[in-house]
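The structure is shown below.

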Amino acid sequence: MQVKDIVKPAVIISENDTFEVALKAMMTQNTNTLLVTDDDGKLSGEVTVTDLLAALVPDILNGNEVVEHFASDDAFIASIEVVRDLPVGEFMSHDYSALTLNDNFTAIIATAIANERARIPVVDTEDRPIGIISRQGLKQILNKFLHVK
């Protein structure tokens, strides 16, 4: 088994795409993580379902205020309308650690553990996204080393 054997194709969107485009990509491509590129096609971040949910919360709210804010369907619908056209670049995560196809399995596991990530972007030598290592890939690595004697 090689790194290329566990890399899944990534769903890639642009920083300029909107919240709505990101959600549609997740729904149609059946994924929970999107890799985001800048205008040069280089990896600049990622969007997860958690990022989408966080984008719905007005910056002025915290803790119990969030629960109170979303107490009705109308408030939730109003929040969706506010973020519908919000560019991905305004709510994406920047705290990712990308790997390359040349990285070994222990580097992948170490990156997952150190960054508490179950999905890791894979880029080429020019930082362009080429795939993602998913939870399934991480389990395959763990299983491989479990049976090494």
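With which residue does Glu-20 form a salt bridge, and how far apart are the closest N and O atoms? The partner is Arg-84, with the closest N and O atoms 3.3 Å apart. The pair links distant parts of the chain, Glu-20 lying in helix H2 (residues 19-29) and Arg-84 in the loop between helix H5 (73-83) and H6, 64 residues apart. The model is predicted: local features need pLDDT of at least 70 and side-chain atom pairs count only at pLDDT 80 or more, while totals for chains, interfaces and linings use all residues. Residues are numbered from 1 along each chain as its sequence is written, and side-chain values use heavy atoms, with hydrogens and water left out.

A salt bridge here is a side-chain nitrogen of Lys or Arg within 4 Å of a carboxyl oxygen of Asp or Glu. By this rule the count is six, including the three below.

| Salt bridge | N to O distance |
|---|---|
| Glu-20 and Arg-84 | 3.3 Å |
| Arg-117 and Glu-46 | 2.9 Å |
| Glu-81 and Arg-84 | 2.5 Å |

Shared partners join Glu-20, Lys-24, Glu-81 and Arg-84 into one network. Glu-46 is buried at 3% relative accessibility, whereas Arg-117 is partly exposed at 22% (buried means under 20% relative accessible area, exposed over 50%, partly exposed in between; 1.4 Å probe, protein chains only).

Helix H6 (residues 105-114) and helix H7 (residues 135-146) pack at about 125°, with axes 10 Å apart (axes are lines fitted to C-alpha atoms, for helices over the stretch in contact, and angles run from 0 to 180 degrees between N-to-C directions; helices are DSSP runs of H or I, at least four residues, numbered from the N terminus).

Note on methods
Helix = DSSP H or I, 4+ residues; strand = E, 2+ residues; numbered from the N terminus.
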